[in-house]
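Hi everyone, thanks for coming. Let me put the structure up on the screen, and then I'll walk you through a few places in it.

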Amino acid sequence: MLFSIRRASSSSASVVRGGIRKMIVRNISNGNGAPRISVIRTLGQLRRWRKEARDKGLEVGVVPTMGALHEGHLNLVRTSLSRHPLTVMTLFVNPMQFAPHEDLSSYPRTFERDLSLLQSILPPLASPRQMRGLGVSEHDSFRSPQPSSSSSSSSKSVSSSEGVNINSPLIIFAPTPDVMYPLKGELQDLNNHKGVEVDVKGWAEVMEGASRPQFFKGVATVCTKIFNAVEPDHAYFGQKDIQQALLLRILVKDLLLSHPTPSNLHILPTTRSETGLALSSRNAYLSPSELYVSPVLYRSLSAARELYMAEGGDITGEDLISASTRVILDEQERILSTFTKESEGGGTELQLDYIEIFDKDTFEPIRGPIGDKRQFVLAGAIRVGKTRLIDNLLVGWEVD
């Protein structure tokens, strides 16, 4: 189904053709002049839309997400919108990357809020134009639109294209699990799963993969499906999930994918709160006292990076892990002190999962003297209360 997130600002009429009642959606912009965001639920609709974009020579960027959007997600969308005439954001909570004991059922789902946030970042249109060529339902036949005599000869701008939803440079692809996993069946307990799984062996078993053995298989599988469905020219991921993003670059290289190519899979810097906490959908789980404690992971990784910058390449990987771990241990002592107020994190449960240093290309852990020109990642995970948080800092290189 294709619909507007602001129904009061769109106009529609019901007509009967061949005994089937259909809804004609007129493309009227919202009150602020911004284009309406369209939501696509089915694979057939997405592929019709994608064909129109390809026929018009319009580049498409994709931003895969599981919803519960925050400013980090919005920055990815803003970047894609600024670089490409069309962007697809996927909103899909992927069951395959959640083990049976993990938080799939409680993962935040805020669909209407997400759409409102996305609507707020779209620029206004100079002049609204008719949406054409997408069809109305999964079963509509595709009807190529008549070319407009007033269309510009340029094929690189959204405003010059009839047949693509030119009033919506941003499309939301929000499929159900049955669309993404048409064989259905068991998706969380992979011992009982029947169907295709994508596994990047040698890169998916360390760090996050060691703590969550199923996670990267689920990520690699669903992203392969997203890339096949959207066929994006470019894809955008956040640095907060650095191991995931680097692993996906390996995936698209090894599977010989052309949409996107490895060089067109972009990683953008982590968006942080004023305290340094990396923004994450899971931050919504944190109580005020847990929020107070949570930036300790960023501080611990920063301490290791600062030590490396001060001491140079003779320092060892073990030294950096020790320096980072020390910050976590000191925070544990502070919050357990009888003098620490609850408003300052007193009594909050803080557990260290791991601190690791790894080569950005091989994912190999770094031990012994590091050297002066090494490109590596400082990464870690902690649990604050019941919430698991991850973060990382880069040394010797930068993301896109």
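Let's start with D233, in the loop between helix 6 and strand 7, which covers 234-238. Please keep in mind that this is a predicted model. What does the side chain of D233 make a polar contact with? The partner is the side chain of R50, at 3.4 Å. A polar atom of the D233 side chain also lies 2.8 Å from the backbone nitrogen of V60. Leaving out residues up to four places away in sequence, D233 touches R50, L58, E59, V60, H259, P260 and N264.

Helix 1 spans residues 43-55, and its axis comes within 9 Å of the helix 6 axis, crossing at roughly 50°.

On to the inside of the protein. The largest nonpolar core has 54 residues, and the members touching the most others are W49, V88, F227, F237, I242, L251 and F358. Which helix gives the largest share of this core? That's helix 6, residues 215-230, with ten residues. Domain 1 (10-268) and domain 2 (281-393) both contribute residues, so this core lies between them. Another core, of 25 residues, lies apart from it, with L297, I328, I335 and I370 among its members.

That's my tour, and I'm happy to take questions!

Methods. Residues numbered from 1 in each chain as written. Predicted model: local features only at pLDDT ≥ 70, side-chain atom pairs only at ≥ 80, totals over all residues. Heavy atoms only, no water. Core = buried A, V, L, I, M, F, W, Y, C linked by side-chain atoms within 4.5 Å. Buried < 20%, exposed > 50% of the residue type's maximum accessible area, 1.4 Å probe, protein only. Helix = DSSP H or I, 4+ residues; strand = E, 2+ residues; numbered from the N terminus. Domains from an automatic or database assignment. Polar contact = N/O pair within 3.5 Å; in protein donor to acceptor, adjacent residues only side chain to side chain. Contact = heavy atoms within 4.5 Å. Axes fitted to C-alpha atoms, helices over the stretch in contact; angles between N-to-C directions.
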